[in-house]
Amino acid sequence: MNMTFRWYGRGNDTVTLEHIKQIPGVKGIVWALHNKPAGEIWTKEEIKDEVEYIKSHGFHIDVVESVNVHESIKLGNAERGRYIENYKESIRNLAEFGIKVICYNFMPIFDWTRTEMFHPLEDGSTALFFEKAKVDNIDPKELVREVSEASDLTLPGWEPEKLDRITELFDAYKEIDEAKLWENLAYFLKEIIPVAEEAGIQMAIHPDDPPFSIFGLPRIITGAASYEKLIEISDSPSNAFTMCTGSMGASPSNNMVEIAEKYASRSPFAHIRNVKIYDNGDFTETSHYTQDGSIDVKGVVKALHEQNYTGYVRPDHGRHIWGEVCRPGYGLYDRALGIMYLLGLWDAYETKRTEESR
C-alpha cells in the first residue's frame, strides 16, 4: 500500500507540502494542474514546474487526479475529436515525467454532488452532506450557486467555465441516456487506451458520486456491473479503476469489501473513506473510523492486505475539525487522522500474518 495525499497546488490549498510531510507514512502527492480548463493540453513546461516543486519536498508524483474529460467527449458531439487529441497529448506529456496513474471520471456536468458543504455532526465537527429530497426538488442552478459560494478555493468538477453553460449543457444531455453515455465512453477509451499503453500509464476511472442518477442525468460507473462492462470494452491493464469506497459505497447495494476483493488487482488507485447512509437516501461524510459510518473500512483494508496490494491509496473526504478553515472535505487534520487509521489497520494485519506464519 503506497500512501498518498491529495493536494491542490500552490496558492490553491490551505494545506502545504510542509504540513503533509509531517504525516507519517505519506510517500506521494496526488496532484493536478487545477487551473487548466477541461480539454486543454497539459504542457510539458507546466507539468515540469509542478513535478519539480513536489519532488523537492521528498514526495513522488506518480498519480494525477484529474485530467478532466471535456463535456464534448461525454456528449459525443462533433467537437470531441479535437478534445480527444488534446487528451492524448496530455497523456504523452505526463508520461515523460514518470506519471503512472491518471484518475478521471465520466460524470455528466457535475462531478461529486453534495447539498451542504459544512453539515454539523454530533461531535461538533462538520462534513459534506447529501440530502436526496433536496436534489430531487431543487433547480440545478440553485445548487450551483450554493456550492460556488461555499468556498473561495476551486472545487474539482465545479469549474466556473463549465457551470456558466449549465442551461446549454442540460439541453444537450436531453438526448443522452445511459446507453448513449456508455457508447461515448467506449469511443473515448478505444481512442486513448492505446496511447496510455504506449506511455506506460493506467487510466483509472473514478466511480460516479453519488452512484445513481441526479437531475435526470445518466450515471454509469455505479457498481460491480459497471466494472464488468468496462472490462468488456477493453481488457487492457491500462483500462483501470479508481476504487472509491465512499462514492460507490454511498449506494447500500454496493458491498465495498466484496468489490475490493474482486477488483483490487484492476485498481491501481484507491480512495478510502467512510459515509453514513440513512434510510431516506441521505448520506453524510464521517471520520474514516469503521464504526462511524456504513462502510466496512477495516474489511476493505483487510481485503487489500490479503492481496498484497501495492497500489496507491489516499484518505478521501474528511470532516472539518478543530476549527480548521479549509476547502470543503479537504482539510489537513481529519485526513491525517484517516491516514493513521488506515496504516494502523494495515500494520495490524501485517503483524497478524507474521505471527501466523511462525
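Visitor: Why is Trp-42 described as buried?

Guide: The relative accessible area of Trp-42 is 3%, and buried means under 20%, with exposed being over 50% and partly exposed in between (1.4 Å probe, protein chains only), so Trp-42 counts as buried. This is a predicted model, in which local features need pLDDT of at least 70 and side-chain atom pairs count only at pLDDT 80 or more, while totals for chains, interfaces and linings use all residues. Residues are numbered from 1 along each chain as its sequence is written, and side-chain values use heavy atoms, leaving out hydrogens and water.

Visitor: What makes the pair of Trp-31 and Trp-42 tilted?

Guide: Rings of Phe, Tyr and Trp (its six-membered ring) pair if their centres lie within 6.5 Å, and planes under 30 degrees apart count as stacked, over 60 as edge-to-face and the rest as tilted. The centres of Trp-31 and Trp-42 are 6.1 Å apart and their planes stand at 45°, so the two rings form a pair and that pair is tilted. Trp-31 is buried as well, at 0% relative accessibility. Both residues lie in the loop between strand S2 (28-30) and helix H2 (44-55), so the pair ties together parts that are 11 residues apart in sequence; helices (H or I, at least four residues) and strands (E, at least two) are DSSP runs, numbered from the N terminus.

Visitor: Why is the pair of Phe-130 and Phe-283 called stacked?

Guide: The planes of Phe-130 and Phe-283 are at 10°, with the ring centres 4.9 Å apart, so the pair is stacked. Phe-130 belongs to strand S6 (residues 126-130) and Phe-283 to strand S11 (residues 283-285), so that the pair links distant parts of the chain, 153 residues apart. Both Phe-130 and Phe-283 are buried. The structure holds 16 aromatic pairs, and ring pairs also link Tyr-87, Tyr-104, Phe-106 and Phe-188 into a cluster.

Visitor: How do you know that the charged end of Arg-327 sits over the ring of Tyr-8?

Guide: A charge sits over a ring if NZ of Lys or CZ of Arg is within 6 Å of the ring centre and within 35 degrees of the ring normal. The charged end of Arg-327 is 3.8 Å from the centre of the Tyr-8 ring and is assigned as sitting over it, as is that of Arg-82 over Tyr-83, at 4.3 Å.

Visitor: Which residues touch the most other members of the largest nonpolar core?

Guide: A nonpolar core is a set of buried Ala, Val, Leu, Ile, Met, Phe, Trp, Tyr and Cys residues joined through side-chain atoms within 4.5 Å. The largest has 102 residues, and those touching the most other members are Ile-20, Trp-31, Tyr-87, Leu-94, Leu-185, Phe-188 and Met-203. Helix H9 (residues 178-199) gives the most to this core, with 10 residues.

Visitor: What makes strand S9 covered on both faces?

Guide: In S9 (residues 269-272), Phe-269 and His-271 on one side and Ala-270 and Ile-272 on the other are all buried. Two strands pair if DSSP finds at least two bridges between them; S9 runs parallel to strand S8 (residues 239-244), to which 3 bridges join it, and pairs in the parallel sense with strand S12 (residues 312-315) over 4 bridges. Ala-270 stands opposite Met-243 and also opposite Val-313 in S12.
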